[in-house]
Each structure stands twice: as structure tokens, then as C-alpha cells.
Amino acid sequence: MKKVGIIDSGVEVAFLREHAMHLAGAATFSLDLDAQVLEARAYEREELAAWRDGTGTLDLEDTHGHGTAVLSILYDQVRPWPDVEVYVARVLDQNIRGHSLCLVEAMGWMLDEVGVDVLNLSLGTTHRALEASMREVTDRAAARGAIIASSAGGMPTLPAQLESVVSVGDPALMERVGADVKVDHVVKEREVKLYMGGHWMQVPMTTSFACAVAVAEVLRDGPPPGWRRKPG
């Protein structure tokens, strides 16, 4: 069974309930800046099922909506929903802020421990201090055939700039992006349907959502030519 991972801001439990979706695994990653301690917590299927059914509480709730929007794009654009296992890692808070160290740890959990076949990263960082660590993780995953997709930014960002990662852009980005930004795939649509804040809506396309649209295409039709990346 194919494993699909999303690293983002978590997921709204209401979305899982309304659409009869189950998570195969999940984890949270946060950094206590005062104590300089990275806190990681992985959840088992039983804990996730209890949270979804309302008999348990977990620190996975998407208080912003971005992660849920990404998952909803996959759900809406891949019909019928395939026989896949969905894994979620929460690294962003209600303000869509997180630490690069948490992102690297979440990538390691998804790609090395869980071993997802497809990873959606609708986020990025301009901090390059952890580039080597990111490259090691993505190179190992690419070598075994995993597909890692990340949204491109208006400036060079990680992990999108890595050769073992497919960088995804949207039409608005391509109108202003510089030659120093790596863009491997461009989604043509300028709007997208997604779920956020308890309801479905049509919104303008962004690179974050374009990444999810591209991953949906992989799940629905298989990877486009060149998406099987080589280690960088």
C-alpha cells in the first residue's frame, strides 16, 4: 500500500470526521526556544482513531487551516480515493511559523522511519544552516524511489532547491520569479477548491496549494516524466 505524507500545520479533526478519513500515523515537532529542546511526539493508530472519534485529545489540531487545505486538495482531486495510507506531521503553529530544525526532524521521520512513497511539503525555509541535513534525508529517500514535492518560493528556499526534490510553482510565481529559483513543475490552474475553517471554498492558487495539486496528479495518474529524482 502506498504511503503519502504531509508536513504542515496539522489537520482539522472535523475534516477527517466529515469525510470518513483515517490517518495511518502522525507526529508533532516543536522547539522550546528557552530550553533549546526539540520536542517530538509520534501517535499510534489507536490514539489517532480515539482523537477522530472524540474520545481522545492530541496536539494535532490544525488551528490555522493550511495543512487541512493541503489534505483536502488531495482528497478532492483524487477520485476515487486510492488505497493509500496518510501520514501527517505538524511543524507549523497557528501563525504558520515553525523552526527549520523541526522541519528536518519531521522529514527524517516521514522519509526514514515511516518510509512514505510521496511527501508533500507545501512550505519552505530560507535558512540554509541545515541544508546538508536536509540533503542527506532527501537523497536517501530519492535513492529508494520516493517522490518529494515542495512549493517553490519567490526566492531560493529549502527543500525546494535540492536536486532530489521536485519544486512546484504556480502561474503567479512564474511571472516574477528570478533565475536563481529552481522550479521543476508549474501548475497551470489559477484557482483551486479546498477545505478550510469548516467548509469548502474556491480560492486563488498559491505555490503551497500548487504543490498539493501536483501531488494529487501523482496519486491519480502516476508521476510525470522526470519526477523520479536522483540524489543531489
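Q: Hi! At what angle do helix H3 and helix H7 pack?
A: Helix H3 (residues 66-77) and helix H7 (residues 207-221) pack at about 35 degrees, with their axes 9 Å apart. Axes are lines fitted to C-alpha atoms over the stretch in contact, and angles run from 0 to 180 degrees between N-to-C directions. Helices are DSSP runs of H or I with at least four residues, strands are E runs of at least two, and both are numbered from the N terminus. This is a predicted model, where local features need pLDDT of at least 70, side-chain atom pairs count only at pLDDT 80 or more, and totals for chains, interfaces and linings use all residues. Residues are numbered from 1 along each chain as its sequence is written, and side-chain values use heavy atoms, leaving out hydrogens and water.

Q: Which residues of H3 make the contact?
A: His66, Ala69, Val70, Ile73, Leu74 and Gln77, with contact meaning heavy atoms within 4.5 Å. On the H7 side, Phe209, Ala212 and Leu219 are among them.

Q: Switching to the strands, which way do E2 and E3 run?
A: Strand E3 (residues 37-43) runs antiparallel to E2, joined by seven bridges. DSSP must find at least two bridges for strands to pair. Phe29 has Ala40 in E3 as its bridge partner.

Q: And in what sense does E2 pair with E4?
A: Strand E2 (residues 25-32) pairs with E4 (residues 84-90) in the parallel sense, over four bridges. There, Gly25 stands opposite Tyr87.
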